[in-house]
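Here is a friendly briefing to read beside your model.

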Amino acid sequence: MPDTQSLVNDFVIKLKRRKVEGSHATARQTAELLRSVISQQRVPYTNQAGALIDAVKAVGEQLVAANPVELAVGNIVRRVLHIIREEDISLATNAIGGLGLSVGSDDEDDAAKDDHPALSAAAVAAAFRSTLRPPSLHALLEGVPDSGAVPHASSSGGDSEGKSKSADKSTRSRKLKHDVIEAINELIQDIDTCHEQIAEQAVEHIHQNEVILTLGRSRTVMEFLCAAKEKKRSFRVFVAEGAPRYQGHVLAKELVARGLQTTVITDSAVFAMISRVNMVIIGAHAIMANGGVIAPVGLNMVALAAQRHAVPFVVVGGSHKLCPLYPHNPEVLLNDLKSPSELLDFGEFSDCMNFSSGNGAPLLHVVNPAFDYVPPNLVSLFITDTGGHNPSYMYRLIADYYSAEDLSLQQRPASGN
Amino acid sequence: MDSRRASRMVIDPKPKVRQVGFFTPGAPPERTKSSPAESLSSPPTSDMSPAGNSLSPVMIPPPRHASDNLSSSLGLNSSRVLPVPVPMSPIRRPSTGDNLNLPLGSYNPSESLLGTSLSPSSGFDDEGLSEDTSTSGWFVRGNPGKVASSFPSGGFDTTAMKSRNIPVVSNLTTVSHLLTKRKKGGIAEKGGTLVEVQHEQVRDSKLKEKTSKAERRALQEAQRSAKAASRAEGSKTAATSGGVTAANAKPAKAKASQKKEGSSVASSDRKGPEKDRKKDVPHPRMQFDDKQRVEKAKRRAVVKQTEARNRVELFRHLPQYEHGTQLPDLESRFFQLEPMHPSVYKVGLQYLSGDTSGSNARCIAMLQAFKEAIKDYTTPPEKALGRDLTAKISSYVSFLIECRPLSISMGYAIRFLKNRIAKLPLTFSETEAKATLCSDIDRFINEKIILADKAIVKHAVTKIRDGDVLLIYGSSCVIEMILLHAHELGRQFRVVVVDSRPKLEGKALLRRLVSKGLCCTYTHINALSYIMHEVTLVFLGASSVLCNGTVYSRVGTACVAMVAHAFRLPVLICCEAYKFHERVQLDSICSNELGDPDVIAKVPGREDVDHLENWANNENLQLLNLMYDVTPSDYVSMIITDYGMIPPTSVPVIVREYRREHLWM
């Protein structure tokens, strides 16, 4: 237990100091941390899932507080919570149905852990969901209440566990934790491979002689473009440099190394060039539930220009970037103000700063935000590892990954304590 | 449109007044009634007929041409000859096939010229041919029947026309006899050709080059004969129509002009306004993807220019040279550049090194240099001051262009100067002329730039209220003046200085503003949508405002205007009226300026950003440093100029109405 606490503290400090940046790295490390938290969490005999959930939530709250802008942390915490709930439900249905599935998923060999149990859990969860959620046409037509499904849907919380746990506690306690860790492994793998899965779709979106504009650097975008290039598509990429971090230079270098025709432009030339661009492809920092995007600074401008010229604005991002929150005033509340030294050198204006004059307030402010919010109406398409989606569909996609109970991480412990 | 409008002027006997707004032309319907022949023969498409032609909402014909047209259309003995159709009687037409290869139905005057001059096989004797060609371009030969039938949309009925036209035609035949006599034969052989004589008051310079001495003589002759023909026609028509007033002469003329339109070649009507407007139309710019012309320009070039490597495909038509190589080269050749005046040379170096930037500063620097050059100028023996000085200025200008492409404001200043030189009275002595020119230049700088800026500041300050947060972009001197003036007036406001790579001009401006005690916020262009929440008003400078209301300005201005528009903020453009230009532009690609691409690879003060070192070695990688962009007019709320505050739709009015007079001042 102190072991996990020190791990958590380390990570919190890293997040606070912005040592870990980028949603991919953060997501991955969060998942790994939570995995170790779960594996070391001692589970009581009753209400195991509840205990796990509480532990994860407690850690998650700390992590989110460390860097509230890094939404990937919260996303992963919620994903893990959702995994725990799903596994718990699938176990419960297993127990109720008395299925022979336990034979397949029971072996604790490490060799088979990669896909088999997770697959079974996912399959069961999917089956469970399919029995639960959409009411059958028959039920709709006849007006018969779906007697089997309704109680289950409501009993996702703590009480269903109490009933089913009476059966075989010892095996189940180990099994739940095991399954959850398996699923988290799966999640980590998903995070690592989401680039490839997104990149696979590239050929469906990029045609010959296309002109693509992007801003800053995103690994997903790079892989996406390179995948299309490997499929022998020849196209041209305009890279806006993305001041003040100039990640566009890095992207341009990488693209050129892969043999793509690349042109670096200044950010201010975006409007001038967009009329000759066929598609804007950008990576996101986070994708909000309303279909809005938290993206590197400058992209709102690009999106507006793209809308003006009716250029498709495509956002690529793995599912770990899907955030179940609805943004409120995201330009300010979900933003990070970086050091002004990126814009003006320290001391460059010290001779002009006369604090004695006036009311002592400095005459000069320097604003250097890190993110931009792109509202959903400016986004044409999201490409995630599960395929292409409309902005308006995002909330639905998010419902697949998160449980509604987890949306607010703080509230539960506050009310519980 | 133009041709039609002009043709109407030919017909309309009423004196032209400035007619603005929507109105129905009173005269045409009456005339249509009075001459049934015309209405009958008028083609079904109403826009072909001059009578059914409604005017454009704003029609301000240049008075000079209007009066010319008027006098001749009334059948008076005008010394100038207007389109005079001389249709020969169809009987005398030799039915040769060679008429067919004449360019009928071509709207392009140069084409028709080409057609006539390049058809020696058409069986005309040389004299006649040369006469025709020299009568400048608008010449068309062909038989009336052919013309009419060869024009499908005209809907002419040849036979009907003939029958109705008989009196006129016969008259004209006699005219043609007269003509033939005067011309000592030559035309007689080409009987049956419809000769529409027309000459222009203002002759194409291109054409002038082409005409040889003999041709010029022939031209004069043709003009004389045409004059005679018109006179004869006037009298004859009057005679045949008996007691009918001169107004009756019109139908014939209308008919003729209409026929010309039908034959689509006549273009006589285009003459006046068209010619005049042609001067306004800016010269086509040099396209640098045209290899031949680039080669030619290179041979003349003073500045040694090496083509940049790794050029962006989309911008092949713009010049892009290796920067850094020209400057030392030019400096070393300081004493070899014989014809270049040192002050001009200095300005060129300043342009090249980027020490002088901003269109006002560049324009003033250039004019001052020209002033120096004019002061030191002496007319070489056996040369006229006007011609020689113009040539000299032209060479200076081309030198400056090699250093950096001209800004639009400079183009206007150069035009102004050349105009002044051209308008110098011949009686002036050299010293007088030089003094006049110098004072003209001073007046231009003073009135068009300095006073204009003052006027703009006066207008713009009224828009700044206490508590405003003003967003400015880049570094515009007039906007700086506005802010400082408002600060002096004691207005309480904050300024957001938005800057962008690679020039980072905002830093210098920020320094000046902060040192004056203004409260400033500094940010990058990428953070626009973050900072725009606090802003209440956006002030932008412009390099030029084009006739369709678009604003041609420092790259990034369009982005700022767009984001401000998205936030429903007013965007005020401050621009002196001398920077307005007749050109129109829709995108930022067709006309722009390319800066040094190397500055993109390097970020000053950020050594860690060195990913693009040696970028030129990879042919897949290009860096693009655009200098300007074009802001669509719908993002612009208002343009503040020295004539006042106008919407972007009123730019052409300023350009056409106000500036015209000032150019000729």
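A:Asp336 is buried in this predicted model, with a relative accessible area of 11% (buried is under 20%, exposed over 50% and partly exposed in between, using a 1.4 Å probe and protein chains only). Its salt-bridge partner is A:Arg18, at 3.0 Å from N to O; a salt bridge here is a side-chain nitrogen of Lys or Arg within 4 Å of a carboxyl oxygen of Asp or Glu. A:Arg18 is partly exposed, at 26% relative accessible area.

**How to read the numbers**

- Residues are numbered from 1 along each chain as its sequence is written, and chains are lettered from A and ligands numbered from 1 in the order in which they are written.
- Because the model is predicted, local features need pLDDT of at least 70 and side-chain atom pairs count only at pLDDT 80 or more, while totals for chains, interfaces and linings use all residues; side-chain values use heavy atoms, with hydrogens and water left out.

**Salt bridges**

- Side chains of opposite charge can pair when their charged atoms come close.
- Over all chains, the rule gives 21 salt bridges.
- In the pair of A:Arg18 and A:Asp336, the Arg sits in the loop between α1 (2–16) and α2 (23–40) of chain A and the Asp in the loop between α16 (330–333) and β8 of chain A, so parts 318 residues apart in sequence are tied together. Helices (H or I, at least four residues) and strands (E, at least two) are DSSP runs, numbered from the N terminus.
- Within chain B, B:Lys383 meets B:Asp388 at 3.9 Å, N to O, and B:Asp388 is buried at 13% relative accessibility.
- Shared partners link A:Arg28, A:Glu32 and A:Asp192 into one salt-bridge network.

**Where chain A meets chain B**

- Contact (heavy atoms within 4.5 Å) involves 56 residues of chain A and 59 residues of chain B.
- The buried area is about 4,900 Å², with carbon and sulfur atoms giving 63%; this is the accessible area (1.4 Å probe) that two parts lose on being put together, summed over both.
- Between the two chains there are 3 salt bridges. One of them joins A:Arg308 and B:Asp634, whose closest N and O atoms are 2.6 Å apart.
- The elements giving two or more residues to chain A's side include β2 (236–240), α13 (247–257) and α15 (299–308).
- That side divides into 30 nonpolar, 13 polar and 13 charged residues (Ala, Val, Leu, Ile, Met, Phe, Trp, Tyr, Cys and Pro are nonpolar, Asp, Glu, Lys and Arg charged, and the others, Gly among them, polar).
- A:Glu241 and B:Arg501 also form a salt bridge, at 2.9 Å from N to O. The pair crosses from the loop between β2 and α13 of chain A to the loop between β6 (493–499) and α21 (505–515) of chain B.
- Both ends of that pair are buried: A:Glu241 has 0% relative accessibility, and B:Arg501 has a relative accessible area of 4%.

**Strands that pair across the chains**

- β8(A) and β7(B), residues 519–524, are parallel and share 4 bridges; two strands pair if DSSP finds at least two bridges between them.
- A:His365 stands opposite B:Thr521 in β7(B).
- β3(A) and β13(B) also run parallel, joined by 4 bridges, with A:Thr262 opposite B:Leu621.
- In β13 (residues 621–624) of chain B, B:Leu621 and B:Leu623 point one way and B:Gln622 and B:Leu624 the other, and all are buried.
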